[in-house]
Amino acid sequence: MRVGKQEQEREMLSDSINQMIKKGKIYDLGKEFFMGMPRYPTHPPFMFSLIRTHKKPSSSEDTSSAACMFTVGGHTGTHIDALGHKSKGGRVYGHGEEIYERQSCPFGLEVGGIEETPPILRRGVLLDVPRLKGCDVLPSQFSISDTDLELAVSKQKVEVREGDVLLVRTGWVKYWGEGEKFGGPPEAPGIGDSACHWMVSKKVAYTGTDTTAFSQVKNGKPVGRTHAILMAENGIQIMETLFLEDLAKDEAYEFLFIALPLKIKGGTASPIRPIAVVY
Amino acid sequence: MNTSELLRYMTKAVTYDLGKEFFPGMTHNRAHPTFVFSLISSHAESAREGSQSSASCFFILGGHTGTHIDALGHYAEHGHVFGHPDQSIFDLEGYTTGLSVGGVERTPPVLRRGVLLDIPRLHGCEVLPANHEIGPKDLEGALHRQKVTMNSGDVLLIRTGWMRHWEDQIKYCGIMPGVSHEGAQWIANRKVAFTGTDTNSFEKIDRTKKQVHVVLLARYGIQIMECLYLEDLARDARWEFIFVALPLRIRGATGSPIRPIAISL
């Protein structure tokens with residue numbers, strides 16, 4: 001009897017959620033992958049080729065198919081870093097042993113590989129820092145501080161909770177089409193160390209932004225120790241090169257965030273195409 | 001309901017992972033490139049710079065390697081891909097640019113109601129035999145037996161059980177059970193939005209000699225997912241769920257690797 005009732009409730013709930021999915025708005029937070037796409041200079045370029053084209057000159061068949069292959073760096077385009085991407089004192093988050101002996105070129109990381117990342121399905125929050133500062137894009141020398149995030153929270157009247165995915169917008173993705181200015185800029189805005197400590201204190205589960213480096217970039221180098229603070233010390237994985245413009249435009253600051261990293265065994269990162277769902 | 005309520009339910013739900021791992025030596029169809037991986041910089045190398053170190057990697061894969069979704073442009077009939085009856089695909093493709101129409105970057109994020117039909121369960125076996133053709137009778141039978149309804153716009157997943165042979169590349173990619181031409185027509189008539197299975201080729205060429213990929217992709221615009229891991233869903237008898245797959249937006253590509261999930265309440 002009881003089981004029957006639970007089943008019934010589950011069905012009702014499932015129906016209403018299905019309705020919601022149909023009516024909800026989906027924001028695509030992933031950028032396209034293509035030859036010549038911008039990338040951070042230490043990572044390999046994206047390469048693509050068809051391996052078979054539809055055209056089969058001698059064929060009399062009325063059907064045809066094509067297939068492709070591609071080469072992609074784990075950290076090229078919209079992606080999520082594995083916890084094992086970064087170590088501190090030779091240790092990656094959650095593993096006591098030294099990483100140096102537990103990695104190899106052909107098999108990658110034995111611990112902290114991207115295959116350990118579960119499907120991400122969580123409450124997401126967007127903090128729009130340029131909006132706070134009254135501009136479109138943060139200036140190239142801007143470092144986002146804990147105060148900036150705190151002020152964005154109050155200005156946007158949104159709450160950051162434990163377990164959330166916290167997305168921080170700089171607006172820098174505006175330069176996506178300008179090659180190096182986006183991919184490997186001499187200067188770019190980014191997240192400062194104090195902002196990372198703030199995220200840790202809020203116990204967010206994941207974070208991400210719309211630049212390639214996450215950290216502020218100065219003289220072509222990332223500033224601070226953001227990756228060490230978030231990943232190696234606190235197990236908070238980072239997503240980069242997110243497309244946050246549409247969310248910001250619609251002031252959609254709270255949403256269901258979904259990202260499904262590929263299970264690349266031993267990989268230091270995976271390309272992703274995250275979405276935000278708003279009802 | 002509002003966004004907060006959506007969040008409350010979705011984040012409490014049970015998530016089933018339907019994607020397989022990618023690793024060097026993984027099972028792959030020989031018509032497509034094998035998965036290649038390497039670290040490009042290791043922790044040991046970068047450690048010299050101080051107490052922090054980082055590692056990064058790159059990999060090579062085919063659009064149809066491992067768990068993946070076919071783009072509409074993967075197949076054409078009379079030179080046309082779905083949705084472009086007036087354009088010849090032969091004029092709209094290039095080795096480095098890929099397909100100008102029907103590329104996988106046009107596939108929207110997939111977030112829909114999903115239904116699993118478990119065909120071996122219907123026949124009282126663990127895995128369908130290699131010569132099994134899944135036709136309308138099987139699909140109707142499973143629907144009836146599982147007491148599940150299908151709506152237009154659903155994602156229809158079909159289990160053969162063949163994933164049990166995944167570790168054995170020759171067997172997994174050899175002769176395998178699949179959906180027949182009539183079965184494909186049944187799927188199309190149901191107006192599902194996407195379909196998928198746990199084998200590498202989805203279809204079984206039957207006596208009509210017609211390719212199921214052509215029917216579904218080129219004629220009806222129903223994209224196909226292959227090498228799905230459906231064992232846990234089947235074990236728990238979760239026939240209805242929220243299905244999510246987020247194909248990478250690879251410009252002009254004929255397919256994309258995916259890691260789909262099923263969310264069960």
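**Around the sheet of chain A**

Guide: Let's start at A:D250, which sits in the loop of chain A between α7 (245-249) and β17 (254-259). Bear in mind that this is a predicted model. A:D250 has a relative accessible area of 35%, so it counts as partly exposed. Setting aside neighbours within four places in sequence, A:D250 touches A:K25 and A:Y27. Its C-alpha atom is 19 Å from that of A:M20, a residue 230 positions away along the chain.

Now for the sheet itself. Nine strands of chain A make up an open sheet with mixed pairing, and the order runs β1-β19-β17-β9-β11-β13-β16-β5-β18. At the edges are β1 (25-28) and β18 (269-271), each pairing on one side only. From one strand to the next, the twist averages 25°. Within chain A, β11 (residues 165-169) and β13 (residues 206-209) run parallel, joined by four bridges. One bridge there pairs A:L166 with A:T207 of β13(A).

Chain B comes in here too: its helix α1 (residues 3-12) lies across β9 (120-128), β17 and β19 (275-278) of chain A, at about 35° to β17(A).

As for the nonpolar packing, the largest core has 148 residues, and those touching the most other members include A:L127, A:L167 and B:I187. Helix α7 (residues 212-219) of chain B contributes the most to this core, with six residues. A second, separate core has 19 residues, among them A:I17, A:L260, B:A13 and B:L246.

Key: Residues are numbered from 1 along each chain as its sequence is written. Chains are lettered from A and ligands numbered from 1 in the order in which they are written. This is a predicted model: local features need pLDDT of at least 70, side-chain atom pairs count only at pLDDT 80 or more; totals for chains, interfaces and linings use all residues. Side-chain values use heavy atoms; hydrogens and water are left out. Helices (H or I, at least four residues) and strands (E, at least two) are DSSP runs, numbered from the N terminus. Buried means under 20% relative accessible area, exposed over 50%, partly exposed in between (1.4 Å probe, protein chains only). Contact means heavy atoms within 4.5 Å. A nonpolar core is a set of buried Ala, Val, Leu, Ile, Met, Phe, Trp, Tyr and Cys residues joined through side-chain atoms within 4.5 Å. Two strands pair if DSSP finds at least two bridges between them. Axes are lines fitted to C-alpha atoms, for helices over the stretch in contact, and angles run from 0 to 180 degrees between N-to-C directions.
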